Amino acid sequence: MSLSTLLVLADGRLPAGAHAHSGGVEAAVAAGRIHDLPTLESFLVGRTSTSGTAAAAFAAASCRALTTRPVPHARSGDIEAAPLDRARLTALDNGARSAARVESLTDHRGALRDDSVRPAERITALDDGIDARTASPALRAASRAQGRALLRAVARIWPAAVNPAGPNPHHPIATGIAAAAAGLGPREAALTAVYGGLTGAASAAVRLLGLDPYTVHALIARLAPECDRVAADAAARADDPVDDLPAGSAILLDLDAERHATWEVRLFAS
Amino acid sequence: MRPDKRAVRIGIGGPVGSGKTALVAALCRALATELRLAVVTNDIYTTEDADFLRRAGVLPDDRIRAVETGCCPHTAIRDDISANLDAVEELEERLGALDLILVESGGDNLTATFSKGLVDHQIFVVDVAGGDKVPRKGGPGVTTADLLVINKTDLAPLVGADLGVMARDAQARRGDLPTVFLSLVGEPGAAPVADWVRDRVAEPASTPRHHEPTPAHTHGP
Ligand SMILES: Nc1nc2c(ncn2[C@@H]2O[C@H](COP(=O)(O)OP(=O)(O)OP(=O)(O)O)[C@@H](O)[C@H]2O)c(=O)[nH]1
Ligand SMILES: [Mg+2]
């Protein structure tokens with residue numbers, strides 16, 4: 001796993017549309033629920049342990065579906081993951097393609113819960129799983145808009161990306177696809193998802209409330225280890241059936257998102 | 001007309017209130033009957049500009065799209081253009097072949113310019129009410145825009161702005177790049193700008209205009 005590549009993917013300046021979304025902060029600020037650092041902290045902690053944790057799990061699982069099973073690294077005990085070999089896939093005609101893809105999975109992955117689950121089917125099931133976990137239609141749309149924007153960036157940055165998900169997957173699915181394309185593994189996919197959710201919301205609060213950016217970043221630094229924990233947990237469960245993956249949600253995020261979508265004047269898309 | 005090529009994309013940027021939306025409306029009035037055109041607006045606040053254009057009736061509703069910019073209008077046109085590309089491509093997909101797409105940026109500052117990944121040409125609009133020092137201050141918008149529009153010349157006597165000074169400073173900053181003076185009150189058709197736009201649309205693309213690949217999609221097995 002390349003640390004520098006992880007930084008590229010997790011960089012807030014990655015042109016993937018994130019800056020236009022507040023992760024629910026704009027609505028929470030308007031409702032008076034976030035107005036200072038302590039209220040921002042409790043919002044971020046709640047968000048990370050609910051939708052952040054779910055996003056991490058689905059990003060990890062999507063990445064896992066598109067990469068070989070991690071093998072213990074000889075030197076460090078760290079994990080390595082290899083993206084499916086797209087060159088090999090495209091060299092084959094369409095008929096042989098699916099067989100080759102399944103074969104390349106079962107060659108290296110060892111015991112899946114169900115060896116017959118192909119990547120595309122798994123990705124579709126994961127995408128449906130996010131729909132099922134996202135009560136608010138506005139939040140579903142925002143997630144798919146961000147997924148689309150991320151894939152646009154991925155297609156230009158890692159042109160060999162394998163994407164069985166169509167152009168508008170949910171954001172965590174796109175994050176898994178991006179991580180696999182970048183040669184990263186499930187844990188890094190999960191980390192990118194949960195950390196991106198944290199910093200995106202925090203940065204929206206800085207812009208909306210004029211909070212001291214140093215204190216907000218100190219808060220991010222305090223919460224960062226929690227992102228590590230969430231990501232490790234997500235990676236450990238990356239092969240779990242969709243129904244067993246985390247389903248935490250925060251009802252106020254759903255309600256706020258629905259109201260926010262009807263506002264006449266707003267700064268953020270969600 | 002270029003049925004087989006994608007539309008020419010022209011960005012219209014400039015400080016808050018300089019007359020960008022008024023210029024877009026004028027261009028729509030002047031060009032809507034001869035070109036297949038659509039507009040993307042980037043409001044700081046939601047859909048104000050798009051709503052103005054709809055109310056003005058210069059273009060059918062379905063030819064105007066608004067993009068939200070999360071407090072950062074310059075980010076949306078320069079550093080992370082994904083939402084604007086989505087809007088542009090959605091218009092092209094829905095409306096079929098187009099000749100021209102105008103992208104109005106949210107009002108920002110003198111440094112806000114469009115990415116070449118989003119537009120083919122850009123117009124920067126400043127106004128004389130900001131004082132005749134604006135061209136002298138320069139900045140990427142004034143210095144590098146393909147066309148500089150100095151708007152609201154009708155207000156020059158009221159604010160004591162010297163148009164001669166502005167013309168001289170603009171030329172010093174811009175070299176051979178063109179500058180036009182405009183009053184959208186006195187000349188609601190924006191004729192010199194409309195002519196410049198017509199030339200850009202008629203221009204054969206020297207290199208084929210860059211086609212954004214749609215997001216990667218390989219069909220699953
Ligand atoms: N006197 C005068 N007023 C003008 C002229 N052009 C525009 N205006 C007025 O200036 C105001 C701002 O014009 P807009 O077109 O909304 O400016 P804008 O650059 O789109 O503004 P933002 O999108 O908010 O940054 C409006 O009240 C216009 O009617 C002009 O040539 N002369
Ligand atoms: Mg405007």
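Helices here are DSSP runs of H or I with at least four residues, numbered from the N terminus. By that numbering, K20(B) sits in helix α1 of chain B. The model is predicted. Chain A has 270 residues, and chain B has 221. Ligand 1 has 18 residues around it, K20(B) being among the nearest.

**Chain A: overall make-up**
- Chain A contains 11 helices and 2 strands.
- Read from the N terminus, its elements follow the order α-α-α-β-β-α-α-α-α-α-α-α-α.
- Buried residues account for 50% of chain A.
- Take the contacts in chain A between residues at least 6 apart in sequence: 77% of them join residues at least 24 apart.

**Chain A: confidence**
- The mean pLDDT of chain A is 86. In this chain, 82% of the residues reach 70 or more.
- Residues 70–81 of chain A stay under 50 in pLDDT. The model gives this stretch 17 contacts beyond four places in sequence.
- Residues 87–115 of chain A also have a pLDDT below 50. Beyond near neighbours in sequence, that stretch has 40 contacts in the model.
- Where pLDDT is low, the predicted coordinates should not be read in detail.

**Chain A: helix α8**
- How many of the 11 residues of helix α8 of chain A are buried? The count is 10, so this helix, residues 171–181, is mostly covered by the definition of buried as under 20% relative accessible area.
- The buried residues of α8(A) include P172(A), I173(A), T175(A), G176(A) and I177(A). Several alanines are also buried there, among them A174(A), A178(A) and A181(A).
- What covers the buried residues of α8(A)? The cover includes α1 (3–10), α3 (37–66), α6 (119–133), α7 (137–157) and α9 (186–209) of chain A.
- G183(A) follows α8(A). Its phi is positive, near 85 degrees.

**Chain A: H21(A)**
- H21(A) lies in the loop between α1 and α2 (25–30) of chain A.
- Is H21(A) buried or exposed? H21(A) counts as buried because its relative accessibility is 11%, and the cut-off is under 20%.
- The side chains of H21(A) and S270(A) form a polar contact at 2.8 Å.
- H21(A) also touches A142(A), Q146(A), G200(A), F268(A) and A269(A), leaving out residues up to four places away in sequence.

**Cysteines in both chains**
- How many disulfides are there over all chains? The count is 0, with a disulfide taken as a pair of cysteine sulfur atoms within 2.5 Å.
- C227(A) is buried, at 1% relative accessibility.
- C28(B) is buried too, with a relative accessible area of 1%.

**Chain B: overall make-up**
- Chain B has 9 helices and 7 strands.
- In chain B, 55% of the residues count as buried.
- Among the contacts in chain B between residues at least 6 apart in sequence, 80% join residues at least 24 apart.

**Chain B: the annotated stretch**
- An unreviewed UniProt entry carries the annotation "binding site" for G14(B), P15(B), V16(B), G17(B), S18(B), G19(B), K20(B) and T21(B).
- P15(B) is placed in the loop between β1 (8–13) and α1 (20–31) of chain B.
- Residues up to four places away aside, P15(B) touches K20(B), G107(B), D108(B), L110(B), F124(B), V125(B) and V126(B).
- K20(B), in helix α1 of chain B, counts as buried because its relative accessibility is 4%.
- A polar atom of the K20(B) side chain lies 3.1 Å from the backbone oxygen of G14(B).
- Other contacts of K20(B) include I12(B), G13(B), E104(B), S105(B), G106(B), G107(B) and V125(B).

**Ligand 1**
- Which residues come nearest to ligand 1? They are K20(B), T21(B), A22(B), D154(B) and L184(B).
- T21(B) has a polar backbone atom 2.7 Å from an oxygen atom of ligand 1.
- G17(B) has a polar backbone atom 3.0 Å from an oxygen atom of ligand 1.
- N151(B) uses its side chain: an N or O atom there is 3.0 Å from a nitrogen atom of ligand 1.
- G17(B), K20(B) and T21(B) are also among the residues in the UniProt "binding site" annotation.

Definitions and conventions: Residues numbered from 1 in each chain as written. Chains lettered and ligands numbered in written order. Heavy atoms only, no water. UniProt positions renumbered as here; feature names shortened; annotations may be inferred. Contact = heavy atoms within 4.5 Å. Buried < 20%, exposed > 50% of the residue type's maximum accessible area, 1.4 Å probe, protein only. Polar contact = N/O pair within 3.5 Å; in protein donor to acceptor, adjacent residues only side chain to side chain. pLDDT = per-residue confidence, 0-100. Near = heavy atom within 4 Å.
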